[in-house]
Every structure is written in structure tokens, then in C-alpha cells.
Amino acid sequence: VATIHDTDGATRLLSSSGGTLTLWDLAASPAALSTVTLRDTIVSAVLDGPVAFAVLVDKSLWRVDLSSATGSSTIIPLGGAPSIVARSQTAIAVADLNAEGTTRIRYFPSGDPASVASEAVFEGLATSGIAVSQDHLVVGVTFRGIVVADFSGSDPLVSVVPASNRGPVRGLAISGSELLVAGTGTLDIWNLDTRTLKRSVDLPFESTSIAAGESF
């Protein structure tokens, strides 16, 4: 079973099956451009040009060079327990889901997880994933609702969106100033500038994940 992780918004798609990461060319018929097999199952991955960053089930983070057909991989000694990786166009965030019931967010505005991170902590576990905006926001959902870490200043600010605990969440995506929250049978669209719910749409199916472009 293959999992789709990310695209470049045009003709490249990143997927995995078990511990194998594959970069696809979608310009014509799908064709594998590069394949790399890592040491354990891949649970989260993002694509930045010809480079991918992947989190494995063993809580390790890897940099994967997909610029050639065989590719190569290097572990990033990040420490902690990386569980999720997400990106915007330039920034990357890594979330640790900690045993004590907190989510540690490490934010890398340069997109390099080997650099020094800014950090914030969410109360609760963001098990449905995190999303990163171009405005230096990292968003997750815990038992408290939608939690936003604002990394635009020198000290990260963490806040909870009022009245945002609306039930189980299957996935998050940010498009411009809109936060899309996929529930089991609903799609909620929030305005991140005003921190208010714009609208909620009933879906004719049970969602499992969500993705969005830069504008919505």
C-alpha cells in the first residue's frame, strides 16, 4: 500500500511504501524518477526540490537526495522523538509526540533541519498531523482544539483557537490564510488571521486525509 506525502505543485509527487521512498514524474504517464529504501517504515515525509525529509517509525529523521535514479540518504541527528515532518514553501517543522502528552514543535525557517530550531510546546498530542504556513505559523489539533504556534517573532507564541474543538480530525492543510480541517465527515475552513470558522461543509464520504495548494 502506497502513501502519498507531498508534491511540488506541478509535476513531481513523493510517495512511500514501507521503507521505500519514491519520487514520481507526473508530466506524462507516471514514471519513477528516483527510489531510496530506508532502514524502517516511513511515517511522514516532505519534498523540497530534489530533496526529501522523512520521519521513520523508529523516530529518526532522514535527508534523502532524489536527484539521481538510485538516490542516497543521510540521517539527521536531531535528537528527541521526531514523529511528523511538515513544510511550507521554505520552512520545515518537526513534531515530537511525547509520552507525557505534549507535542514539541521544532521550526526551521530556512528549511534545514540541521540548523538551530525555534521551539514551542503544545499541551496534548497533535496526532492528526501539523501544517505550516508561509507566515511562520505551525498548527496542530489536540484535545484543546486548534493550537497555533506563531514563530514570526523572537519568542514563539502559542494560542488555542476559541471553540475549535469540534470532534475527531483526520488531517490539516493550510492554503494562504485558510486552515482546512478534515473531520470524519466534514470539512471546516478557518480564517487564520481572525481565528474564526468561515464555514463547515458536510462531506458525502468519510475523509482520511487532506491536501491543498497555496491559494484556496
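First, the ground rules. The model is predicted, local features need pLDDT of at least 70, side-chain atom pairs count only at pLDDT 80 or more, and totals for chains, interfaces and linings use all residues. Residues are numbered from 1 along each chain as its sequence is written, and side-chain values use heavy atoms, with hydrogens and water left out.

Confidence next. pLDDT is the predictor's confidence in each residue, on a scale from 0 to 100. The protein has a mean pLDDT of 92. Of its residues, 95% reach 70 or more. Strand E11, residues 102–108, has the highest confidence, at 98. The lowest is in strand E17, residues 169–175, at a mean of 91.

Now the fold. How many helices and strands are there? Zero helices, and 20 strands. Both are DSSP runs numbered from the N terminus: helices are H or I with at least four residues, strands are E with at least two.

E15 covers residues 145–150, and E16 covers residues 157–160. They run antiparallel, joined by four bridges. Strands pair if DSSP finds at least two bridges between them. Ala 149 has Val 158 in E16 as its bridge partner. The link from E15 to E16 is a hairpin of six residues.

Overall shape. For 216 residues, a compact globule would have a radius of gyration near 17 Å, and the protein agrees, at 17 Å. That radius is taken over C-alpha atoms, and the globule rule is 2.2 Å times the number of residues to the power 0.38. Along the principal axes, the C-alpha atoms fill a box of roughly 50 × 40 × 30 Å.

What share of the 216 residues is buried? The figure is 44%. Buried means under 20% relative accessible area, exposed means over 50%, and partly exposed lies in between, using a 1.4 Å probe and protein chains only.

Contacts, meaning heavy atoms within 4.5 Å, come next. Among those between residues at least 6 apart in sequence, 35% join residues at least 24 apart.

Start with Arg 106, in strand E11. Is Arg 106 buried or exposed? Its relative accessible area is 2%, so Arg 106 is buried. Its side chain reaches two backbone oxygens: that of Leu 78 at 3.0 Å, and that of Gly 79, also at 3.0 Å. Beyond four places in sequence, Arg 106 touches a list of residues including Pro 82, Ile 92, Asp 96, Ala 117 and Glu 119.

That brings us to Ala 117. Ala 117 sits in the loop between E11 and strand E12, residues 118–123. Its relative accessibility is 23%, so Ala 117 counts as partly exposed. Leaving out neighbours within four places, Ala 117 is in contact with Arg 106, Tyr 107 and Phe 108. Tyr 107 is 10 residues away along the chain, with 5.3 Å between the C-alpha atoms.

Last, Ala 69. This one lies in the loop between strand E7, 61–65, and strand E8, 72–76. Ala 69 is at 57% relative accessibility and therefore counts as exposed. Outside four places in sequence, Ala 69 is in contact with Leu 33, Ser 34 and Thr 35. Ser 34 is 35 residues apart from Ala 69 in sequence, yet their C-alpha atoms are 4.1 Å apart.

Conventions. A polar contact is a pair of N or O atoms within 3.5 Å; within protein, one must be able to donate a hydrogen and the other to accept it, and residues adjacent in sequence count only if both atoms are side-chain atoms.
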